[in-house]
Amino acid sequence: MTEFTHLATPLKKGRLHLKNRIIHASILTRFAKNEQTTERLISYHTNRARGGASLIITEAVNALPMQAGRSQYLNAHSDAGIKNLSRLAAAVHSHDCHILAQLQERGRGNYDRKNQNRPVAPSALPDDLAGVIPRALKTSEIEQMINDFAAAACRLERAGFNGVEISAGHGHLFHQFLSAHSNHRIDRFGGDLDKRICFLLETIEAVRSSTGSDFLIALKLPAEDGDQLGINLDDAAYISKKLTATDKVDMVSFAWGAQNHALHWHVPDAHMPRAPYLEKTQRLRGSTNGVPVVALGRIVDPNEAEAVLASGNADLVGLGRALIADPNWAQKALSGRSHTIRACVSCNTCWGAIAKSQALICDTNPAVGHSFELFPPPSIPNTLKRRHVVIIGGGVAGVAAAASLAKNGHKTTVLHRGKEIGGRAAIAASLPGGDGLQSVYGLDTATAQEAGAKIELGFEAKVSDIISLSPDNVVLATGANPEGSLDVAGEAIDQTIAPPLTQFMRTAFRYNGLMGQHVVIIDLIGSIWCYCAAEYLTTKFNQVTILATEMVPAANSPLVVRQSLLERLARGRIRVLLDCTADPIENELATGLLGFFKHSTGIRETIEDVDALTHASPLQPRVELLRGLAQQGIDPFVIGDALQPRNLLSAVDEGQKIGRTLQNFARPYVSEDSAEPGQGRG
Ligand SMILES: Cc1cc2nc3c(=O)[nH]c(=O)nc-3n(C[C@H](O)[C@H](O)[C@H](O)COP(=O)(O)O)c2cc1C
Ligand code: SF4
């Protein structure tokens, strides 16, 4: 008997029969190639079906002739695609799971410099993000599109799909028609909201009348989209009421934001509360004429999901990122193993990848979509005996390796110099936006220990300690050295004047009350975590300033992460000076003045009333043990930040890979003065 009785309850409503209340929200994976399924695409979906979800909604397919040739989307625009589509449907069905394909067109957001065709839209109004002016569709083209969507639905039905989700959210074409912000038409598809709904309504009718009586039609509708003349909650309720009154729709979900400054609303990050749209979903629920409602948006944990259903706010939970991070989420939740769920940390790395036209990736689940994602090789490969592996470092990479090695039957010892597991990630976990990070290394630590790994904390391992354990293999997961001194024009600034940010944050965590008036963070790395630290420091200082060399805040982060950051920065609690180089001079600092050069003008200016200074500088791999190990003939595997300071994904990935293969996947880091390490045989 599961503790999550609401999640486990089957749903029977009209045509919709689901074995439980957990469904996979549509996720663009970009795993398809040449409009065909790939092993990875099939594995991605079957893993989630096998993992217990009752329904998979796929990414959009190529439904319209104008979409033909989009290589990373499946072909539903011609009969030639049916056989291939049926492979996917059958694979998902074999795990007692339903499958819907998404019908959607991006409209004016479909801008691609390489594409010579102009994007189409209801009206020739510029896309809010790309600024490109689309071509307004002719009335006859819209009518043809309706027929084409219906024809695609027929093909999907022939391929064995249980139905389709028509996506009218996310600022895509149907949404563009619904919104007065983007639809200025004067034909029957434009005008008041009743007219603006026509394109979507007629598409629903066409799909319904050309498919069988049990074919499902789900709708993804816009809720608030952030545009001044766009969709608000009242409009959303009106649209939903009108469309669901037809008895043609089987399920409704609501999406927030659009292809605009509020794009990030659709993927709430860790700075947003969990399940942030529930209250509003509850208000919209009354507008669906009893058609089941799917709650969407940062539902991460089964307890939250259960609470959503128990509160009556929705009939189903739609999980996007939670199921990217752990395909087995549903089964684990429903079988009393929710503590083993690999949590989504709402970082939006996944979104960043697909926005760059790359295949889906996940910070906490590097194996996403691979055949071994659910069942990594269960035991020691035949070619390897049971080894004793000593891992130096209990950061994310170290414990990921330990979990994987111990599960694979190897004797595993972790020596960690800190008193707490987690390394750099443990600091990030205590900052705004760090929600959930602890679970990443926490889960691996628990898994490793359950599988028999020994983890010693507060142990600064020397070469002699490692030798005394007689390891068959050594893994260096020693992370990166904390930033050294702030370097200004080749001169090191004393660390008592400008300590590194990690050190400064450790002090701040221990400090009760206000630390001072005004802190300046000198940001030389352009990382989002500088901004998270700054947000934390607003609780310790009256004024927080970031002085950054980069020209755009957190330039390397995905657009949605930056949009969310800008929204927070607009609250004005942090002052950001971009495109600057600090020029700290001790005498000035003593009087509270910090000098800096503005790159664009070359002029030296000062920040006043500064009483604390810290800096985030590039990190160096911490591999001091390499030389001593090499002298003893030990050639360790080097993973994570010790190989090259990077991100969470690399740390988890390299830890897991070492555990799976006990083979090197990259050249180990070679420090300039260390003996040349070989291929990790030590
Ligand atoms: C990587 C990624 C790809 C997505 N692709 C689609 C898509 O193709 N179609 C769609 O309607 N929504 C897409 N979404 C939005 C999700 O369906 C969902 O609405 C959103 O992620 C919020 O749910 P979550 O918080 O559970 O992730 C995508 C989201 C992510 C993170
Ligand atoms: S990349 Fe980040 S946001 Fe996306 S699923 Fe993985 S953990 Fe969640």
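A: Two strands are said to pair if DSSP finds at least two bridges between them. Strands (E, at least two residues) and helices (H or I, at least four residues) are DSSP runs, numbered from the N terminus. The model is predicted: local features need pLDDT of at least 70, side-chain atom pairs count only at pLDDT 80 or more, and totals for chains, interfaces and linings use all residues. Residues are numbered from 1 along each chain as its sequence is written, while chains are lettered from A and ligands numbered from 1 in the order in which they are written.

The sheet in question is open and consists of 4 strands, arranged in the order β22-β21-β20-β26 with parallel pairing. At its edges stand β22 (574–577) and β26 (612–616), each of which pairs on one side only. On average, neighbouring strands of this sheet are turned by 20° against each other, direction ignored; such angles run from 0 to 180 degrees between N-to-C directions, with axes being lines fitted to C-alpha atoms, for helices over the stretch in contact.

Helix α19 (residues 528–537) lies across β20 (516–523), β21, β22 and β26, where contact requires that the C-beta atoms of two residues, placed from the backbone, lie within 7 Å.
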